[in-house]
Amino acid sequence: MQFFGGRSLPPEDQRHARLLRVLKSAVSQARYAREYDPAVHRIENLPIVDLLEFLCHPERYTGPKPKAIRERLHYPLGPAPRTAVIARAVEESRRVRCFQGLHDPALHHFAPQALAAPLDALRAGAGHPAPLRNAVIAFTGILEGPLTPDDADLLWRQYQVPVFEQFLGMDGELLAWECEIHHGLHVRDEAAHFETIHDDRLLVSFLANPRLPVLRLESGLTGRLVHDSCPCGEGSPRLVDLRRRTVKRPPATIPMSIAAVS
Ligand SMILES: [Zn+2]
C-alpha cells in the first residue's frame, strides 16, 4: 500500500506509480537507454517490441539479475485442495505438489483433487490416473495461446470439473487469472500491464520478472480490457475475448504461365 499526504493512493494511481517505477528501471538498461531518453515518463513513448525479434534475441531484453521465480499457486476458489501442478515450479505445500508431467508415476499416489497444467499437456491429456473432484487450471501464455471454447469443452468432457484459465509470463509468473464468474481474466496488476492498440492488438509488459523486464511486447494476441466491476468482487481489470491474432496477407499473385500449367 502506498501513501500520499497521509492517505492511501487510489488503486488506479497505485498501478500508475508501479508502472512508472518499472519504466524507470527498464530505461536504465542498455536496450532501452540506447534509444530512449531516460526521462521518458509514459510507457506509450517506448517502442513496441516485436514478438519474433524478442524470441530470437531474448538476450537483448534480459535483466542484470536473473532470479528464479517460485510463486504460490493462485487457486481460483479459495484455499487449494490437494492439487497437482504439472511442469511449473510453484511453492509446494502439503496440498500443492509439483510434478514433471501427467505421466509422472508419483502423480497416481498423490491422487489430486485438482490439476493445474499447461494447456498443451491438458489437450494431449490422456493418461491422468484418477478422476478429479474440484477443478482444472489450464496454464496459457503468449506461446501457448489462450484457452479456446473448444479447449474448454474438451477439458470439461475429459475431467468433468470446472475449468479455469491462468495466463502466465515467460518464466511461469502469473499475469492474469480467471475467477468463478468465467468472464475474462483478472489482470494481476503487480505482475503485468496490458494495453490494446489498433485492431485490438494486445501488448504486454512484464512487471514482476526480473530476468525479462520486457515492456510493450507484441503478444500475438488480440483482446479487450474491461474495467467494470466483476461480480466476484475482484477490482482489477479483465482481459476478455483473447484470441490468437490472424495476420491477413494479400492473396499471392501467380504468374499466368505457371497458373496455366498447375
Ligand atoms: Zn471476477
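**View A. An open sheet of 11 strands, with mixed pairing, in the order β4-β3-β5-β6-β7-β8-β9-β13-β12-β11-β10.** At its edges are β4 (96-99) and β10, each pairing on one side only. On average, neighbouring strands here are turned by 35° against each other, direction ignored. Angles run from 0 to 180 degrees between N-to-C directions, with axes as lines fitted to C-alpha atoms, for helices over the stretch in contact. Strands (E, at least two residues) and helices (H or I, at least four) are DSSP runs, numbered from the N terminus, and two strands pair if DSSP finds at least two bridges between them.

Two notes before zooming in. This is a predicted model, where local features need pLDDT of at least 70 and side-chain atom pairs count only at pLDDT 80 or more, while totals for chains, interfaces and linings use all residues. Residues are numbered from 1 along each chain as its sequence is written.

**View B. Strands β6 (residues 135-141) and β7 (residues 163-168) run parallel.** Six bridges join the two, and V136 stands opposite V163 in β7. Helix α6 (residues 149-159) packs on the sheet and touches both β6 and β7; its direction makes about 150° with that of β6. Contact here puts the C-beta atoms of two residues, placed from the backbone, within 7 Å.

**View C. The hairpin of β10 and β11 has three residues between its strands.** In the turn, look for D199, with a positive phi of about 60°. Strand β10 (residues 192-197) runs antiparallel to β11 (residues 201-206), joined by six bridges. T196 has L202 as its bridge partner in β11.
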